[in-house]
Amino acid sequence: MSNENKTVNKSVKRVDAYEKVTGRAKFGADFEFAGMLYGKVLRTQYPHARIVNINTEKAVSHPEVEAVLTADEIPNNEFGVIIENQQVLAKEKAMYIGDGIALVAARTKKAAEEAVKLIEVEYEELPGIYDPLEARKPDTDSLHDELDNNQVIHHPLRKGDVKKGFAKADVILEREYSTQFIEHSYLEPEAVVVVPHEKNCLVSVYGSIQNPYATRDAVASVLETNLNNVRVTQNNMGGSFGGKDENISSMAARAAVLALETDQPIKMVNSREESIIESYKRHPYNLKYKVGATEDGKLLAMEIEAVADSGAYACQTPFVTWRSVVQATGPYEIPNVKTDTYGFYTNNVYTGAMRGYGSPPTIFAQESLMEELAAELNMAPDKLRHKNMYRNNSVTASGQKLDNHEVSLDEVMSKAMEAINYKEKLAKYNKQQKGDKKRGIGMAISFRGVSLGAEGVDAAGAIVSIQKDGSLIIHGGLAENGQGLKTVFSQIAAEELGINMDKINYMEVDTSIAPESGSTVASRSTLVGGNAVKNAAAKLKTIIKEVVVNKYDVEADNLIFRDDHIYTEDGNEIVSFKEIINTAYNEGVFLSAYGWYQSPEISWDEETGQGSPYFTYVYGCQIAEVEVDTGTGEIDVLNMAAAHDVGKAINPANVNGQIYGGVVMGMGHCVMEELETDNGYIKNTNFDDYLIPTAKDIPDIEPIIVENPDPNGPHGAKAVGEPTLELGSAAINNAVAQATGKRLRDLPLNLERVLIGRSLSKGGSK
């Protein structure tokens, strides 16, 4: 009998589709409990100010108000996933415009909003720092009183000798690039409900929660209680993209304090304006690149300095900038590298995780740089990349030899080029074009470390339980954030046990049941979590085989699980899955299994930036075709080809969906999105001013799934969620440069920049 996959590598219907398309799915703001109160936050008036006095008397006297709290009533007022310096409520100083000053719980939402306005706060406005390049200067005052300077983190990487490398170079280019604050722009604003003294826990937290265990850690820390006293249940999410982590942890902690103060459930839901003002953003970067090459295009040396704006708090800056240092040189073999990435505190809105997590800014810079170098050398951009790209057994900037998986850069680039007819269009658009509307084509390639790597402990667990009727319940520690995790994990379990998908129910994450598995980030779920599910299902399969062997006197090695039945190797049916499970239960066999997967060993030297930071990598190429109105500066992205090696596509339709979404997000980041700030104040606090792509802006997208199964992945699967976003801005920027003859080095590529952008320069060569 054939062992061809029946469930894995197939485009199956999402298991959560019915609830969502029929409107039955409950999101955070949908939950109601008896006696529930509504919580609201008073936020600071100034980005940087000392809090002289808070008068809550008028708010307390409001007839519908049940509690008013300030920082003095918070058991432990500071939390943070890496550095615990984020305030639940500002105590002595407000550090950014989204800082909370006081909390109100009232019987109605309207009353809570009214009471917040009755709180009187006396401030002493303080001078702020709003530029990370200013914050890094040694004579600049430290924003955090306990620190001597404003540096959050510095990650160095050293390989070879850059001075010797540049001395041998025929051409040297030095360029500066910058990227902007980006809002996550999820459809559903943040929402939580906290219920006190429920189900034998101090507090139960429900809501739009990306990382339930991180939220549990923060709430337990703030309440100064044990982890087993805090139960977090994830509900359906209306988008996150990395944004509902510390944000939600802060909201949940505030609601928990109010819930215990009032002994009643507390609901908190942000308006869009509140969400944008308070929530963390993608880090803006200032990037300096210097590259040296031979006249025939061989890269000899690269020197990089990347400075990220951390905003008021550390949040994820130490880890975001670490990924930046690993991937800053791009997927190119360069013998001599000197890279330094930094994060600095400012009084801007703080910054944290967002899809791509440290790679989009560096890829924008280094892939723009490669096109500039190609122009300098009068070489085709694809030829320059092909000459220097990683291949099997290449050595990365951190000294890691790529010898344990297929390095598929050549394949993804070739397939993307073929899909969009790159060479013909490149030649065509290099010729003089008539009229204001001119076209161009540009590419970008990338490599990306899969999962957390040296950022933290990289392991995940799952519980698979077979019911006596042969159906399955799965509890996992990683969360469904809309990416299709429930479906993919159900496919993996179904494939392992040879049963149909309709027999499986994948439950919402509940921290009192599921094994702690870290955060659902870093495009790690399919590989790490999928392996845990596969491991648990494989244990159950072994147990079931023993029951079959004992009952039917057959060889265990010859058994095939398929189509809800068990067969011999030659195709003879032995027993149905349901029947053998019933037999096992009647014999008292335990049919639940705990699956656990820990990623392979990695290494990292903090002083030199040398080591093997990730156990495997994925590779991608995106090519953009644009039309630019040189009279108005308007960019129309016409076509995008996106080729991504995902190892193995567990669900190809789901992979295509990730590619579509990532490409559109990347396009938005490139041509229109920017959270605008003015000395710490946020200028565009709703979607009438903060622009994101609409259906009319979306180009024709050609998704190209490349499969080179990875030995570490479940059925060879790796990752796809974040790689699809990180390439778009560079590819579009390179296309715009060809169309206009102007090289833009600052995002976004808005009308003004396109019209007045710097001309392509031959300067900087040796």
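This is a tutorial dialogue on reading several features of a predicted model.

Reader: Turning to charged side chains, how many salt bridges does the structure hold, and how should I read one of them?

Author: The general idea is that side chains of opposite charge can pair when their charged atoms come close. The structure holds 40 salt bridges, and one of them brings together the side chains of Asp 563 and Lys 6, with an N to O distance of 3.6 Å. Asp 563 lies in the loop between strand 22 and strand 23 (565-567), whereas Lys 6 lies in the segment before helix 1 (17-21), so the pair ties together parts that are 557 residues apart in sequence.

Reader: Are Asp 563 and Lys 6 buried, partly exposed or exposed?

Author: Asp 563 counts as partly exposed because its relative accessibility is 35%, and Lys 6 also counts as partly exposed, at 45% relative accessibility.

Reader: What can you tell me about the salt bridge between Arg 107 and Glu 66?

Author: The closest N and O atoms of Arg 107 and Glu 66 are 2.7 Å apart. Arg 107 sits in the loop between strand 7 (100-106) and helix 3 (109-118), while Glu 66 belongs to strand 3 (residues 65-70), so this pair ties together parts that are 41 residues apart in sequence. Arg 107, at 44% relative accessibility, counts as partly exposed, and Glu 66 is partly exposed as well, with a relative accessible area of 34%. Elsewhere, salt bridges that share partners join Lys 40, Arg 43, Arg 254, Glu 274 and Glu 278 into one network.

Reader: With which residue does Arg 14 form a salt bridge?

Author: The partner of Arg 14 is Asp 16, and their closest N and O atoms are 3.1 Å apart. Arg 14 is partly exposed, with a relative accessible area of 25%, whereas Asp 16 counts as buried at 6% relative accessibility.

Reader: Which residues gather in a patch of negative charge on the surface?

Author: To belong to such a patch, a residue needs over 30% relative accessible area and no salt bridge. Here the patch of negative charge gathers Glu 273, Glu 676, Asp 688 and Asp 689. Asp 689 is placed in the loop between strand 29 (681-682) and strand 30 (700-706), and this residue is partly exposed, with a relative accessible area of 46%.

Reader: I also want to check the backbone, so where does Phe 241 lie, and what is its phi?

Author: Phe 241 lies in the loop between strand 13 (230-234) and helix 7 (246-262), and its phi is near 60 degrees, a positive value in a residue other than glycine. Phe 241 is partly exposed, with a relative accessible area of 33%. Asp 553 also has a positive phi, near 55 degrees, and is likewise a residue other than glycine; Asp 553 lies in the loop between helix 15 (525-552) and strand 22 (560-562), and is exposed, with a relative accessible area of 71%.

Reader: Which peptide bond is cis?

Author: The omega angle is the one to read, and for the peptide bond from Leu 747 to Pro 748, which is cis, omega is near 0 degrees. Pro 748 is found in the loop between helix 19 (728-740) and helix 20 (751-756).

Reader: Finally, what separates the C-alpha atoms of Lys 93 and His 144?

Author: Their C-alpha atoms are separated by 9.7 Å, while Lys 93 and His 144 are 51 residues apart along the chain. Lys 93 is found in strand 6 (residues 93-94), and this lysine is buried, with a relative accessible area of 12%.

Key. Residues are numbered from 1 along each chain as its sequence is written. This is a predicted model: local features need pLDDT of at least 70, side-chain atom pairs count only at pLDDT 80 or more; totals for chains, interfaces and linings use all residues. Side-chain values use heavy atoms; hydrogens and water are left out. Patches are made of residues with over 30% relative accessible area and no salt bridge: like charges are joined within 9 Å, nonpolar side chains (Val, Leu, Ile, Met, Phe, Trp, Tyr) within 5 Å. Accessible areas come from the Shrake-Rupley method with a 1.4 Å probe; for residues, only the protein chains shown count as cover. A salt bridge is a side-chain nitrogen of Lys or Arg within 4 Å of a carboxyl oxygen of Asp or Glu. Lys and Arg count as positive and Asp and Glu as negative; His and the chain ends are not counted. The place of a charge is taken as NZ of Lys, CZ of Arg, CG of Asp or CD of Glu. Helices (H or I, at least four residues) and strands (E, at least two) are DSSP runs, numbered from the N terminus. Buried means under 20% relative accessible area, exposed over 50%, partly exposed in between (1.4 Å probe, protein chains only).
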